[in-house]
Structure formats: C-alpha cells, structure tokens
Amino acid sequence: MTRLVFIGPPGAGKGTQAERLIRERGLLHISTGDLLRDAIKAQSALGVQAKAAVDSGGLVPDEVVIGLVEEGLEIAAGRAGYILDGFPRTVAQASALEAYLAEKNLPLDHVILFDIPLELLEARIKTRAERLREAEGSSRSDDNADVLRRRVGEFIRATVQLGPFYEQRRLLRRIDARQDVEAVAAAIASTIGA
Ligand code: AMP
C-alpha cells in the first residue's frame, strides 16, 4: 500500500500529478479542498461552517479537516493506497495524522514537496486569474488573484512548519516543480518506486 502526502502551493501541479497516479496505480485521491467544496455545494452543516474560510483563502479549523481526512482514510483502507492532497497544512493536522496512522500501524511512505520559486508561482497565478476572468466565471468561488495570493501566503506559512516536521521524520522528498509534467511525473515515480 502506497501512502503519500502532496504538499505544494496552488499552481504547482499537484492535481495533475495526483490524477496520473490515481489512473496508473489505483490510488485514492483525498483532497481536503475538493471535500470542502463538495460539502459547501451540498450545504451540509460542515459546508456552512467552512464556507467563509474557503471563500477568503483562509484555513478551515483543524478539527473539521481532520474529521474529513479520517473518513477518507477509512475508504482508502481497501485500496492500493492514497494521496493526501492539501492536507496537512498545519503541524496540528500533521500530528493528528501521525497519531491516527501510528495507531493503525500504517505510517506514511513519502511526503512530496512540490518545490517552485515564488516568482514563477506569481506568474502562474496571474495567468490562471486572467484565464478565469476570460471564462464565464469560475466554478471555484475562491479562484481570483487576491484570494490566490492569500492561499499562497498560507502555503508558505504551512511549509515553514511542515518542512522541518517531515524532514525530521525523514519523509520529505523535494521535487522540482518547475519542470514539465512528464519530468515531474518521472521524478515522483523514481522517488516512490515501482
Ligand atoms: P485547495 O483546493 O487544497 O487549495 O483548498 C482550498 C481551500 O480549502 C483552502 O484555501 C482552505 O480554505 C481550505 N482547505 C483545504 N485543505 C485545508 C486544510 N488542510 N486545512 C485548512 N483548510 C483547508
């Protein structure tokens, strides 16, 4: 069973790489962002609670996302493995995950950090915001330049804490996310093995 975490800012290519691994290896994609957007769309109690934070690019409370992830991990139990995408974003989340997995004796294999220089990210964010403006409007209410910038800020704050957390545990693998899709996929494959 392959147990992975993807850490990276919006625009780093996590989603694209996750899709590939799901297709090629049958992994389950557990994206807290997707789960929160679904909950908001369904107007569930959790969705109502999370909406303001998601719309403004802030963080949803730890206990909310931890609950969502634990549900996802239950579903992943019978699968070839999973990719946690967008979680953890705080040390509290990382510690909760670690405790949960330790209890099941199923620790993480790799934490893949999508490394990308901030200047390049800023450029990608601008392009993405422009594309969204040209389109008839985004299906994501949090996809505009200001909110994206805030989300990048949140990402930087998160990585400053999570980088050392996973480095200490020898789980952190940095991937150069400036490369094209194929090269990034190859780098991930060589990191996680066949
Ligand atoms: P994403 O699709 O991963 O960029 O997430 C979209 C939004 O969902 C974020 O900007 C946060 O508001 C919220 N969110 C997703 N994952 C988390 C998390 N692990 N902790 C807190 N908030 C989260």
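User: How many bridges join β2 to strand β3?

Analyst: Good place to start! Strands of a sheet pair through backbone hydrogen bonds, in either a parallel or an antiparallel way. In this predicted model, four bridges join β2 to β3 (residues 81–85), and the two strands run parallel. You can look for histidine 29, which stands opposite isoleucine 83 in β3.

User: In what order do the strands of the open sheet lie?

Analyst: The sheet has five strands in the order β2-β3-β1-β4-β5, with parallel pairing. Its edge strands are β2 (28–31) and β5 (172–176), each of which pairs on one side only. On average, neighbouring strands are turned by 25 degrees against each other, direction ignored.

User: Which strands does α2 touch where it packs on the sheet?

Analyst: Helix α2 touches β2 and β3, and its direction makes about 70 degrees with that of β2.

User: At what angle do α2 and α4 pack?

Analyst: The general idea first: two packed helices are described by the angle between their axes and the distance between those axes. Here, α2 (residues 32–41) and α4 (residues 62–76) pack at about 100 degrees, with axes 10 Å apart. The two helices are therefore roughly perpendicular to each other. Where they meet, α2 brings Thr32, Leu35 and Leu36, while α4 brings Val64, Val65, Leu68 and Val69. That contact divides into six nonpolar residues, one polar and no charged.

User: And how are α5 and α7 arranged, roughly parallel or roughly perpendicular to each other?

Analyst: Read them by angle and distance again. Helix α5 (residues 91–103) and helix α7 (residues 145–168) pack at about 30 degrees, their axes 9 Å apart. They are therefore roughly parallel to each other. From α5, the residues Val91, Ala94, Ser95, Leu97 and Glu98 meet Gln161, Leu162, Phe165 and Tyr166 of α7. This contact has six nonpolar, two polar and one charged residue.

User: Now the cavities. Which residues line the largest cavity?

Analyst: The structure holds one cavity of 30 Å³ or more, and the volume of the largest cavity is about 30 Å³. Its lining is made of Ile66, Val69, Glu70, Leu73, Phe87, Ala96, Leu97 and Tyr100. The elements giving two or more residues to this lining are α4 and α5.

Technical notes:
Residues are numbered from 1 along each chain as its sequence is written. This is a predicted model: local features need pLDDT of at least 70, side-chain atom pairs count only at pLDDT 80 or more; totals for chains, interfaces and linings use all residues. Side-chain values use heavy atoms; hydrogens and water are left out. Axes are lines fitted to C-alpha atoms, for helices over the stretch in contact, and angles run from 0 to 180 degrees between N-to-C directions. Angles under 35 degrees count as roughly parallel, over 145 as roughly antiparallel, 65 to 115 as roughly perpendicular and the rest as oblique. Contact means heavy atoms within 4.5 Å. Ala, Val, Leu, Ile, Met, Phe, Trp, Tyr, Cys and Pro count as nonpolar, Asp, Glu, Lys and Arg as charged, and the others, Gly among them, as polar. Two strands pair if DSSP finds at least two bridges between them. On a 1 Å grid over the protein atoms alone, a cavity is a set of points where a 1.4 Å probe fits but cannot get out, and a pocket is an open set with protein on both sides within 12 Å along at least five of seven lines; lining residues have an atom within 4 Å of a point. Grid points are joined across faces, edges and corners, and a volume is the space filled by probe spheres set on the points.
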